[in-house]
Amino acid sequence: MNRDAGIYAVLLNAALAWGDLDGDGDPDLAVTGRRSVPDYAGPFAGRTTQRRRRTTAAYGEVVTNVGGRFVRSSFTIANVDDGALAWGDYDGDGDLDLVVAGLGDGVDNAISEVYRNDGGVLVRDDAASAALRPAAGAALAWADVDGDGDLDLVVTGRDDAGQPFGTVYRNGPANSGAAPVADAGADQVTMCDNLDYGLVQLDGSGSSDPDGGWLTYVWSEGGTELATGRSPEVQLSCGTHTLTLTVTDPSGQTATDEVEVTLTPALVLTLRPVPVSRPFIHVDPGESFLFNYNLDNRTEYVLGGDGWFVVTDPDGAEALRSAPVEFLVREDQDRSWRLLVDVPAGAAPGEYTLVGYIGDGSDLSATIFDTDTLSFTVRDTGALASAERTAGGPAGWGVRDAETGLPISVALTATDEVAALEAAGPGAFALEAPYPNPSAGLVTVPYAVAEAGLVRLAVYDVLGREVVRLADGPVEAGAHAARFEAGGLPAGAYVVRLEAGGAVATARLVVAR
């Protein structure tokens, strides 16, 4: 078959379909693809005339079979590349009609068009074409899906947004004018991928058009467009978001639906009273109270940031805003510190609030990763009692380490015991001091073994009775950390004992109330 026969001999990404267009009993041919065409370049160095060159362009044509020779038709069809063609009598008049889909020239230019056969001439059916979703890389098939005697159409491919899809278009009465149905999917709860954001896959696949038309999808939050397409992936900050899906049918009618997406923090801050069962915190002016500060990294990589505190007085004014302290928490690990809040002797009685923050700084423009709150009451002890405490009590508000008395700038950046064990090398056998110690809540016990094997790690009271078993079985060589909640143990002294490979190590733990 050559150019004289009426079609181009060389086509890229060609699609071909035979069908008797003119009803003469001979098969005619529809063809699409990408063909070579002449182009011109402007003047170049040393010349003032244009020069001819070749380029490619999308192509579409139907040639009729006249006595075994192909003749170009007087009508045109869409020029598409990476496409598909299908003949079928969708209007039931006895003539074969044609559907064409593929990628036209230009960017994001997917095309789906239906051509009605009027006496051997193909005419674009604007209404039917508008009902189809544009499809590149398409596949097309006619079939009576609903058994009503009319040919329905199946279309698969990628739309203008690059979204893959597959749709069955029912061949029925003219558009009923019914509005589309929007379905933004079920509410989602997922964890942030990072300290301040996460990626979320949205799902509008439940949306539909009662008239069988294709829909456009726009996702927004608070009137701001976030994404388009049926099931896009979007980046959202940690927290709760209400997203709106707006779908539009070929006639311009719209429908909306909402979905709530909650992204929980990757790094969780918890403030716990000491003891944890303590329902209320009451403190006299000039004294201090204990609390546990816990950071839980729920990801598989190291997270870091700044931690700081704000104390507000009974009138809502800031009594303390501590300076930010940098910290790091290893992957899939939590760390706890026991801290003290110093209440100055001159503090007014009433309800106060301690708020812990983790973020990227402590000013008002900081990005907040997570917060937690403790309420406490400063008792009214009278002027005389307050004056007696002034000499020995705290001079002002402050937060410090309960074990060392050092400021939190030292406490929160203390050496990570497990990291220290890893630095000691694979041949180390060690049991580090549990922390925090004393403790009334979550305790971490870092340890290391020289080689893979059976390990027994347990906590014993002063009578030698085992009260908590932390490990009892095979472990890999290297550094490890066991955690347990000490809040359920009676206050007092305990021994942590590690046994592995014939070696034994012990460490002391104090449970406080």
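Start by selecting Arg-456: is this residue buried, partly exposed or exposed? Arg-456 has 24% relative accessibility, so it counts as partly exposed (buried is under 20% relative accessible area, exposed over 50%, partly exposed in between, with a 1.4 Å probe and protein chains only).

Before going further, some ground rules. You're looking at a predicted model, in which local features need pLDDT of at least 70 and side-chain atom pairs count only at pLDDT 80 or more, while totals for chains, interfaces and linings use all residues. Residues are numbered from 1 along each chain as its sequence is written, and side-chain values use heavy atoms, with hydrogens and water left out.

**Stop one: around Arg-456**

Strands here are DSSP runs of E with at least two residues, helices are runs of H or I with at least four, and both are numbered from the N terminus. Glu-466 is partly exposed too, at 32% relative accessibility. Now bring in Arg-469 and Asp-472: salt bridges with shared partners join them with Arg-456 and Glu-466 into one network.

Select Arg-34 and Asp-81. Their side chains form a salt bridge at 3.1 Å, N to O. Arg-34 sits in strand β2 (residues 28–41) and Asp-81 in strand β5 (residues 81–88), so this pair ties together parts that are 47 residues apart in sequence. Both residues are buried.

Next, Glu-61 and Arg-72. The closest N and O atoms of this salt bridge are 3.1 Å apart. The two link distant parts of the chain: Glu-61 is in strand β3 (residues 51–66) and Arg-72 in strand β4 (residues 69–72), eleven residues apart. Glu-61 counts as buried at 13% relative accessibility, whereas Arg-72, at 42%, counts as partly exposed. A search of the whole structure finds 18 salt bridges.

Jump to β12 (188–191) and β15 (224–228), the edges of an open sheet. Its five strands run in the order β12-β18-β17-β14-β15, with mixed pairing (strands pair if DSSP finds at least two bridges between them). Each edge strand has a single partner, so one side of each is left without a neighbour in the sheet. Look at β12 against β18 (residues 254–264): they pair in the parallel sense over four bridges. Met-191 stands opposite Thr-264 in β18.

**Stop four: the disulfide**

Select Cys-192 and Cys-238. They form a disulfide, with sulfur atoms 1.9 Å apart (the cut-off is a pair of cysteine sulfur atoms within 2.5 Å). Cys-192 lies in the loop between β12 and β13 (197–201), and Cys-238 in the loop between β16 (233–237) and β17 (239–248), so the pair ties together parts that are 46 residues apart in sequence. Cys-192 counts as buried, at 1% relative accessibility.

**Last stop: zoom out**

Colour by secondary structure, and you'll have four helices and 35 strands to find. Of the chain's 513 residues, 45% are buried.

Key
Salt bridge = Lys/Arg side-chain N within 4 Å of Asp/Glu carboxyl O.
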